[in-house]
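Colleague: Could you walk me through this one? I'd like to ask a few things as we look.

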Amino acid sequence: MTRAALGLGGNIPVRHAIEYARYAEAQGLDSCWLHEAYWNRDALTYLTAIATGTRRLGLGTGCINPYTRHPVLIASSLATLDELSEGRVRMGFGTGYPARLDEQGIAHPHPAAAMRESIGLIRRLWQGEKVTHVGGVFSLTNVAITVRPARPIPVYLAGWGPRMLRLAGEVCDGYLARAVESPLSVRRLIGAVRAAAAAAGRDAGAVECAAYLLCAVDRDREAARTAMRRDPFVVYQFAVIDERVLEETGVDPACKRRIGEAFRRGDLLEASGLIGDDLLDAFTLAGTPDDLLERLAAYAAAGVGLPILQPVSTDDAEVRRVIDVAHAYLRQRRVVV
């Protein structure tokens with residue numbers, strides 16, 4: 001079954017997020033995912049509010065991490081949210097941004113090991129077990145939580161390194177690709193996850209593959225591209241993008257170096273101006289509604305089963321236009337498939 005989701009960041013008022021979630025639910029979207037970035041509103045407050053304002057919409061953290069939220073706190077918080085929402089929670093789980101953790105004085109050793117250890121602990125706590133554990137990153141002594149989810153909460157792992165992809169395939173319910181991946185790079189990532197699943201004796205399709213897709217939509221294609229390239233988060237992503245990803249997508253890595261130099265100087269305007277249409281067309285969804293539908297089809301062909309459309313704008317009309325594109329995608333795919 002074709003599905004699509006809405007992605008939101010922490011830069012909009014919570015009450016607005018509730019309205020967008022309601023609209024997304026009315027338009028047939030599968031779920032709403034909240035990215036927890038620093039320094040902004042936290043994901044769980046958003047999702048709790050959205051849970052009370054919707055009836056069937058799935059609720060995804062995309063992502064939280066075990067360094068700023070201890071695994072016991074994650075287990076308790078998500079089980080509580082799952083109780084409130086009557087079984088609608090999905091956990092998007094990642095390592096967090098190392099630089100931001102450093103700014104808080106939070107150590108983040110052995111990220112892949114921390115992910116594996118955390119997922120195991122959280123699942124044991126959700127099952128009602130009293131946990132004693134001495135691990136490489138976390139230690140618990142006779143810990144149990146008093147609230148349990150009604151059913152296993154799906155765990156989606158976010159990451160792109162070999163160890164993270166292997167972990168997603170071996171033990172997770174879903175894989176969550178970061179924003180600013182091309183269909184070609186997503187295909188490679190999903191292939192690695194599926195290969196790891198098969199090697200672990202799981203069905204290669206056992207792991208649902210989701211991906212954040214940054215969106216700007218306008219009847220004027222150039223206006224949409226301008227909105228995309230001027231977004232500070234987009235500028236940052238292109239300033240730090242892996243050059244190997246550019247190469248496999250057919251984009252000259254030299255463009256990233258120029259963007260990065262301007263970004264590190266603090267000249268966002270210059271950095272923005274260096275983001276060409278080739279980058280936007282390869283890694284984002286910026287254009288007319290028809291342009292976005294064509295791009296969504298390319299990601300679906302690459303193996304993305306759950307596209308998470310995240311508007312780069314906080315303008316009300318723009319957010320709703322992105323939701324409308326997701327609705328049109330669902331209708332189109334249901335007719336074609």
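Modeller: Let's start with Val-180, which is buried, its relative accessible area being 4% (buried means under 20%, exposed over 50%, partly exposed in between, with a 1.4 Å probe and protein chains only). Keep in mind that this is a predicted model, where local features need pLDDT of at least 70, side-chain atom pairs count only at pLDDT 80 or more, and totals for chains, interfaces and linings use all residues. Residues are numbered from 1 along each chain as its sequence is written, and side-chain values use heavy atoms, leaving out hydrogens and water.

Colleague: What is phi of Val-180 near?

Modeller: Val-180 sits in the loop between β8 (174-177) and α7 (183-199); helices (H or I, at least four residues) and strands (E, at least two) are DSSP runs, numbered from the N terminus. Val-180 isn't a glycine, yet its phi is positive, near 65 degrees.

Colleague: Is Glu-86 buried or exposed?

Modeller: Glu-86 is in the loop between α3 (71-85) and β4 (89-93), and has a positive phi of about 60 degrees without being a glycine. Its relative accessibility is 72%, so Glu-86 counts as exposed.

Colleague: Which peptide bond is cis?

Modeller: Look at strand β3 (residues 58-64), where Cys-63 has its place. With omega near 20 degrees, the cis bond is the one from Gly-62 to Cys-63.

Colleague: How many helices and strands does the protein chain have?

Modeller: Of its 337 residues, 53% count as buried. As for those elements, the protein chain has 15 helices and 11 strands.
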